Each structure stands twice: as C-alpha cells, then as structure tokens.
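Open the model in your viewer and keep the selection panel at hand. The tour goes stop by stop: select, look, move on.

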Amino acid sequence: MKLHQEIHGLRMQALGPDHDDTLESLDSIGARHRALSDGPAALSIYEQLYHARLRLSGPGRRETLLARNGVGMALSALGRNDEAIRLYEDLLLAAVGIYEPDSSALLSFRNNYANALGAVRRYAESAALHRDVYGARLRTSGPGQLSTLRSATNLCLQLREIGEYREAMAILQEAIDAASGILGGRHAQVTEARLEFVAHLWLSGSKQEALEFHAKISEDCVEAYGHAHPTTLFCQESLAERLVETGQIPAATVLRRRIHGTAMDAFGDGHLMRYWAHHILAAGLSWAKEHQECLEFALLAADGRRRFLGDDHQATVDSETVVAHALGWLKQHRQAADQYSYVARLLARKRGKSDRAVIKNSWSAARQLFKAGEHESALPALRNVLQTQIAAYGEGDAESLQMLSLYARNVYESGDWESALALTTCWVDRVESAFGASARQTIDAMNDLAEWCEGLEVPEQALAVRHRLLQAWRSASGPDSNESIDAETSVIAAHIMFGETRAATQEATSFNEDRRQRLGYLHEKALESQATLANLLELQGEWEALVSLRRQALDRVQMESSDSAIIADHQFALADTLASAGKDEEAIIRFSLLLAGQEAAVGLAHPQTVPIRQSLARLCLRSDKPGDAVAHYEALIAAQVDIDGADTPESLESRMELAHLQQELGSLEAKSSFRSNYELAQQLVPDDVRLLAARNDYAGSLYEEDRREEAFELLRWNVVESTRLLGAEHSDTIRIRCSLATALLDDGQAREAGEILEAAVDDHARTGGGLNSVLPMLQTLAEALRDGGRPEHVPAAYRHVLGILSEQLPFPDHLSDLELGRTLPDPFRYEDAIELERLNVAELHSTYGHHHPESRAATDQLLKTLQAVLWALTEK
C-alpha cells in the first residue's frame with residue numbers, strides 16, 4: 001500500500017492529477033484498499049477516480065465504465081448492495097454497443113451485478129446470471145482458465161443458496177478438474193475452489209467426508225507451499241472452524257495453537273500475519289471458554305492491527321470486537337459496555353450511525369450496561385438503539401424483532417412487568433404482520449407470550465393467546481396434527497392453571513366432539529381427545545358425567561368395532577369409573593361379566609385377567625363382601641404365580657393385601673401369612689419399600705401375640721432400613737417412626753415414644769407435611785407427653801409445629817375442611833390463631849410484595865383460611 005501511495009504521489013508531481021498513469025496508480029490504491037477490506041477508503045478512491053474519468057473522457061468511454069465498476073464493487077463490499085444493484089443496471093445499459101457481448105470487462109460487470117443480487121437474497125436471479133457468465137467464460141476462455149474457475153465458483157455459491165447441492169458440486173468438480181490440468185492441483189485459486197467444494201459437501205450433509213477432504217487439502221498446501229505460507233495457514237484455520245461446528249472444540253483449539261505458533265516463528269514483528277494469528281487464536285479460545293487467555297490474545301491482535309492498519313480498519317475493528325466479547329464473558333460488564341461503544345464509534349466514522357454493525361455494537365453496549373446492574377441508564381440506551389434500528393430497517397426486519405423481544409425481557413427483569421407484557425404483545429403482533437399468522441416464527445412468538453401471561457397470572461390475555469396459537473397450528477399443520485392437539489391441551493391446561501376447571505371441561509368437550517365428528521369415534525386421535533376429557537371430569541369429581549361418557553363410549557365401540565380387545569378396554573374403563581363413582585354393585589357386576597368373558601377367551605391365568613381380578617377383589621373388600629374378596633385374592637395370587645412360574649413382587653403385594661383382609665376377618669391364617677410374606681419379601685425385594693411394609697406387618701402381628709420385644713426389634717430395624725433407603729424425612733420413614741412410637745406408647749414407654757414423635761413431627765412439618773397428616777401426629781404426641789409426665793410441654797409442641805407450618809407459603813388451602821376445633825387442645829386458643837395470622841401475613845408480603853398479583857390472590861386465600869381457624873377455635 002505504501003509503495004502504491006508513493007508512486008501515486010510521484011506521478012502527481014511529475015505528470016499531474018489528470019494523467020492516465022496517475023489515474024492508473026489511483027486505481028491500484030483503490031484495489032489495495034478493497035483487498036485489505038477497507039471498504040470506505042476503497043469507495044472514496046473509486047468515486048474520485050470515476051469523477052475524474054467522467055470529467056476527462058465522458059460517460060460512454062471504457063475507462064469511465066471501468067471506474068464506475070470499481071465504485072459498484074466498493075458499495076457491495078460495504079453491504080450497500082441495493083445501491084450497487086442500481087449502479088450495475090445503469091452500467092450494463094451504458095455498456096451496450098461499447099463492449100462485445102462476451103468481452104471480459106462486460107462479463108466482469110455482469111458477474112459483479114449477480115454477486116450484488118445474491119447479497120440481497122435474490123438467489124434465483126443471481127444464479128441465472130452467473131450461469132450465463134460461466135457459459136460465456138467456457139466459450140471464450142476455455143474450461144481450465146482462472147476466470148472460468150472463478151465463474152464456476154460464483155455460480156455454485158448461488159446454487160448452494162437455493163439448495164441445488166448436486167448440480168453445484170458437479171459443476172465445481174468439473175471446473176476444478178479442468179483447472180488442475182492446466183494450473184496444477186495446488187494452485188492457490190484451485191485450492192480456493194476445492195475449499196468451496198468442501199463447503200458444498202458440508203451443507204449437503206456429508207460432514208465427515210467434508211472434514212476428510214478438507215484435511216487432505218491442508219496436507220496438500222503444506223507440501224505445495226510449506227507450513228508457514230499464508231495459504232496453508234488460512235486453509236488450516238478454515239479446517240479448525242469445521243471442527244468447531246462438529247463439536248470438536250479441543251481439537252480445533254490445538255490446531256489453532258499450532259497455527260499461531262507457526263506464524264510467530266515465521267513472521268517478524270509488524271507483519272500482519274502475526275496479528276491475524278493472534279486474532280484467530282483469540283476467537284478459538286472463546287469457543288473453548290478460556291476467556292482470560294482469549295482476552296489477552298485479542299488485545300495483542302487489536303494493538304498490532306491498530307498500529308499498522310489504523311484504528312478504524314475492518315481487521316482492527318474485528319479484533320476490538322473480540323476484546324469486547326471476552327470482557328463480557330469474563331463478566332466485566334462495565335468494561336465490555338465501554339468497549340462495544342468504542343467499536344460502534346469506530347464503525348460509525350465510515351458507515352454512519354444507521355449501519356447494522358454500528359447498531360449491533362451499540363445494542364451490545366447497552367445490554368452489557370444492563371448486566372452490570374445499571375438499569376436506569378441501560379434501558380433508555382436500549383430503547384434508543386431499538387428506535388434507530390426500526391427507523392433504518394423497519395418494524396418487520398428480523399433484527400428489529402429480535403431486539404424488541406430482548407428489550408421486553410430486560411424491562412421485565414428490571415421489575416416493570418406490565419410494560420414488559422405490553423412490549424411482548426407488540427412484538428408478537430409485529431412478528432405476525434411480518435411472517436403471517438401461521439408462520440413458525442409467529443407460533444414461537446405467541447407461545448412465548450402465552451407463557452409470559454401465564455407466569456404473570458393474566459388469565460384473560462393468556463387464554464386469548466392460547467386460542468390464537470391453536471388457530472395458528474390448525475392453519476399451519478391441520479386440525480388433527482400432533483401440534484394442534486398439543487395446543488388444545490395447552491388451552492385446557494391454562495384454564496386449569498387459573499382455577500377454571502369447568503371451562504377446561506367445556507373446552508375439552510368441544511374439542512372431543514369436533515374430532516369425533518371429523519375422524520370417527522374409533523380414530524386414535526379421537527380416543528386421545530376423549531381420554532383428555534375423561535381426565536378432566538375425574539379431576540373435578542364429576543363422576544356422573546364421566547360414567548355417562550364411558551357408557552356412550554362403550555355403546556359406540558360395541559356398535560362400530562369387532563375388536564374384542566378394544567371392547568374389553570372400554571368395559572374395564574366403565575367398570576372402574578363406576579367403582580370410583582361409588583356405584584359398587586353395578587361395578588362388581590360389570591367386572592364379573594368382563595372377567596368371565598376374558599377367562600373364557602384367554603383362560604384363567606392370563607395377563608389380561610389379572611387387573612380385572614385385582615379390581616374385583618378390592619371392590620368386594622370395600623363393599624363389605626369379605627368372602628368374595630378372599631376368593632378373588634386367592635384366585636388372583638394363583639393366576640399371578642401360574643403366569644410367572646413363581647412368586648414375584650406383584651404376587652407378593654396381592655399376598656400382603658390378602659393378609660390384611662384375613663386379619664380384619666379375625667382369621668387365624670393372618671399371623672402365618674404375615675410371617676411368610678416377610679420371609680418372601682426378604683427374598684424378592686431385599687432393598688425395597690415393600691420389604692419395609694412386610695416387616696412392619698409382621699412386627700404388628702408379633703405385638704398382638706404379646707411378643708413385644710421381637711416386635712420392637714423389627715420396628716427399630718425398620719426405622720434404620722427406611723432411613724437408609726428413603727432418608728429420615730421421607731413420609732414413609734416418618735410413618736414407620738410413628739408406628740414404633742405408637743407401639744411404645746401402648747406398651748407404657750411414653751417418654752421414649754414422646755421423644756421419637758417430637759422428632760418425627762418436627763421433620764414432617766419442616767419438609768412439607770400438611771395439617772391433615774401433622775395434626776393426628778400432634779394428638780399422639782400430646783398423649784405421649786401427658787402419659788410421660790410432661791403435660792406442660794403440650795402447648796409448646798403445638799405452637800412450635802404450627803409455627804413451622806405457618807412459614808410454608810401459601811398456607812394449606814384445605815385447612816377450612818378440617819374439624820380443627822375438635823383436634824386442638826384447650827391451651828391453643830385465640831391468641832395462638834392471631835399470632836399465626838400475623839406471622840403468615842408478614843411472611844407473605846415480604847415474599848411477594850404488597851401489589852403483585854400472586855400476593856393479592858394468596859392474601860385473599862390466606863384470610864379465608866384464617867377465618868376458618870378462628871371459627872373452629874370459637875366453636876371449641
């Protein structure tokens with residue numbers, strides 16, 4: 001560059017500014033600026049040259065057209081492709097009649113025009129134009145020349161953008177083979193084309209083949225140019241990028257360190273390759289998350305490039321940007337903000353404030369300010385950058401939309417959730433306007449908005465967005481697609497989330513009816529919708545409606561299907577629902593008929609009969625039909641053993657249920673059953689909670705036989721084993737500890753029982769045990785304290801445990817359903833309830849704040865609960 005500038009200066013002095021040689025040296029300076037990626041300087045030089053040629057030669061001369069072509073290339077290099085396209089359209093019209101149709105200069109103009117079209121994503125037009133240029137190069141220059149190879153490469157770049165990988169690779173391979181025959185396979189331009197072929201392989205999905213080919217090219221470069229040649233180093237660096245893209249970051253980092261070491265040995269201080277090597281190593285270290293070392297090399301690269309290229313050269317700016325990234329990764333957010341601002345100022349000198357890179361770095365600076373906690377200055381800065389972006393590129397621009405989304409999130413994080421919600425709603429509307437209601441971008445945006453509304457508890461808006469999302473999915477993928485069904489489920493879930501279970505059921509009913517009419521009753525997805533509706537009816541306890549749904553389903557299946565398995569499934573579902581609805585007699589009849597049919601079809605001992613027999617056994621037990629229950633349990637156990645050839649954990653569970661039934665009936669067989677079940681559990685489930693249950697049952701049996709020491713030994717062992725398997729605070733361990741304490745209390749060992757219960761109740765209350773389970777334990781504890789000679793400890797124990805419960809927000813909403821007045825002892829009266837209310841309200845406000853929707857809703861519920869406490873105490 002310096003030499004070209006000196007030559008130009010000498011020619012200016014000797015020949016004057018308008019001499020052809022002076023202008024040729026000016027053209028050389030412009031070309032060097034373009035080669036060094038200094039777009040603004042190149043544009044300035046080419047515009048100066050063009051105006052000189054226009055003044056001296058006029059608009060229709062070849063030298064003027066060539067100078068104007070230089071202006072177009074500089075505009076494209078700066079990303080001002082719309083201007084470049086208009087320039088090339090005028091240039092090609094002006095060139096008609098001046099150049100032959102296939103002349104090299106005219107083909108160059110058309111090539112550059114096609115490149116500009118591709119840069120604005122007019123890929124099909126660009127590919128068509130490049131195809132014409134490539135054909136002309138083949139005719140005029142031949143298949144093996146550099147100009148032909150470049151045209152083939154440019155055509156394939158555009159074909160790749162429209163997904164024509166096969167054609168692109170065929171053209172490029174043909175061009176590479178031809179050029180290799182004339183120029184040699186290791187010519188720099190051939191190597192560049194081979195790397196482009198690797199890119200096509202990569203994007204077509206042949207990534208492993210692309211990596212292997214790339215590694216071969218790298219080896220060829222070493223042989224042709226040596227380890228330290230720039231072509232070799234550039235090839236190895238692009239290979240490192242491929243390794244990163246396949247997740248091989250350690251290998252890529254090792255390769256970049258080797259590249260860096262080679263460059264340090266080969267190039268002296270002041271050589272630009274040294275600073276390039278610092279830069280690529282810094283970028284690679286960022287991928288390896290070695291951020292401190294990344295910062296160190298980025299600073300070296302930026303400093304060297306600044307000294308030898310200038311502070312606003314693009315290469316310098318690139319390194320300064322890596323410095324900013326590294327500061328952000330190291331959480332030095334204030335310094336990162338300053339660095340991003342500095343980069344934005346450097347870029348703005350040549351590109352103006354509305355350039356995308358300037359806006360991007362200004363945005364990053366404001367984001368780093370926000371991360372530094374400086375919200376008051378960061379939010380206005382973010383808003384200003386967003387306004388600049390929208391003014392320059394419009395509301396529907398992809399980057400404008402992304403910035404609006406991120407700005408809304410930052411506003412939310414600052415605590416202004418109402419403004420954040422309004423901004424997010426605006427963002428969704430703009431995405432929909434830009435891409436359409438059923439576009440994937442719109443769907444993703446609406447889903448984000450719905451989740452925001454649900455998280456902020458804005459029911460009306462949340463449900464409205466969920467319905468919009470459902471319509472979008474139906475339009476995008478059809479009303480019965482998995483995505484549409486998931487969207488229906490989200491609508492139902494939103495209703496449930498906001499306590500609108502009846503509305504959820506109405507929605508599910510509507511979805512179910514629509515799908516049945518559209519697809520038929522027995523279609524898989526219609527059955528899924530019916531299952532959703534059934535779950536909702538069960539959730540609300542609407543058993544009559546659920547029974548009706550099951551009856552209708554069974555009737556339709558029996559009418560429309562001959563598949564006995566499907567019919568049996570629906571018969572089982574109806575019988576099971578009848579049992580849940582308390583219609584035990586009809587449930588028993590239906591289970592019995594179903595069992596008889598299944599046994600006739602598949603035999604007595606078959607996996608299909610086991611759940612039916614099990615349901616019948618439990619239902620008969622509940623319906624006070626113990627004889628029938630025993631018979632069903634015995635048949636069930638026989639079937640389970642017959643199916644599996646021996647006892648299994650499942651048959652053990654059936655035996656344990658039968659033993660409890662025998663005990664209730666006063667059968668002498670119960671004691672031997674408990675003992676044999678314990679022995680069987682030791683064999684089948686040695687490290688399982690079922691062994692704990694069997695041991696507990698056997699201990700209870702021993703206690704009833706007055707073999708109390710043996711019983712206590714087993715119960716204590718159970719506490720140890722349950723603690724080992726589940727932890728001391730697990731609900732099952734708590735229950736086992738209470739069983740031991742109850743047995744000790746009954747045996748007159750009240751003091752030990754009290755100590756065990758005090759610890760168990762305290763653990764249970766602290767780990768989320770609700771009042772329904774804690775209060776009975778408290779009653780037993782009170783009994784133990786009184787019997788153990790410590791009655792004065794009873795009120796303190798109640799206050800302590802209820803104090804723990806009061807800290808668990810929100811307070812259990814089932815408290816009003818308890819007969820609290822009949823469970824609390826006399827010492828716990830009004831003053832305790834008032835203290836409990838005060839503690840809860842204080843904790844609530846400190847946790848949620850006074851005005852947050854969650855706080856208001858929870859406060860209302862808390863007041864209702866405390867009113868119930870006061871009522872119960874008053875009744876007491």
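A charge counts as sitting over a ring if NZ of Lys or CZ of Arg is within 6 Å of the ring centre and within 35 degrees of the ring normal. Select Arg356 and Tyr393 to see a case: Arg356 lies over the face of Tyr393, at 3.9 Å from the ring centre. Now select Arg695 and Trp717. The charged end of Arg695 is over the Trp717 ring, 4.3 Å from its centre.

Some ground rules before going on. This is a predicted model, where local features need pLDDT of at least 70 and side-chain atom pairs count only at pLDDT 80 or more, while totals for chains, interfaces and linings use all residues. Residues are numbered from 1 along each chain as its sequence is written, and side-chain values use heavy atoms, with hydrogens and water left out.

**Whole chain**

Switch to cartoon. The protein has 42 helices and zero strands; these are DSSP runs numbered from the N terminus (helices H or I, at least four residues; strands E, at least two). Colour by accessibility next. Of the 876 residues, 45% count as buried, meaning under 20% relative accessible area; exposed is over 50% and partly exposed in between, with a 1.4 Å probe and protein chains only. Then consider contacts, defined as heavy atoms within 4.5 Å. Among contacts between residues at least 6 apart in sequence, 54% join residues at least 24 apart.

**Cores**

Select Trp363, Tyr407, Leu421 and Trp427. These have the most contacts inside the largest nonpolar core, which has 49 residues. Such a core is a set of buried Ala, Val, Leu, Ile, Met, Phe, Trp, Tyr and Cys residues joined through side-chain atoms within 4.5 Å. Helix α22 (residues 440-455) supplies the largest share of this core, seven residues. Another core, of 40 residues, lies apart from it; Leu201, Trp202, Leu211 and Ile280 are among its members.

Zoom in on Tyr407. Leaving out residues up to four places away in sequence, Tyr407 touches Trp363, Leu379, Leu382, Arg383, Leu386 and Leu423.

**Aromatic pair**

The structure holds seven aromatic pairs. Rings of Phe, Tyr and Trp (its six-membered ring) pair if their centres lie within 6.5 Å; planes under 30 degrees apart are stacked, over 60 edge-to-face, and the rest tilted. Select Tyr275 and Phe308: this pair is stacked, 5.8 Å centre to centre with 20° between the planes. Tyr275 is in helix α14 (residues 272-287) and Phe308 in helix α15 (residues 291-309), so the pair ties together parts 33 residues apart in sequence. Tyr275 is buried at 3% relative accessible area, whereas Phe308, at 41%, is partly exposed.

**Helix α26**

Select residues 524-540. Helix α26 has 17 residues and reaches 25 Å from first C-alpha to last, close to the 24 Å expected (1.5 Å times one less than its number of residues). Which residues of α26 are buried? Ala526, Ser529, Gln530, Leu533, Ala534, Leu536 and Leu537. They cover an arc of only 160° around the axis, so they sit on the same side of α26; the arc is that of the directions from the helix axis to the C-beta atoms. On the other side, Glu524, Asn535 and Leu539 are exposed. Gly541 follows α26, with a positive phi near 75°.

**Last stop**

Select Asn696, in helix α34 (residues 689-704). Asn696 counts as buried at 16% relative accessibility.
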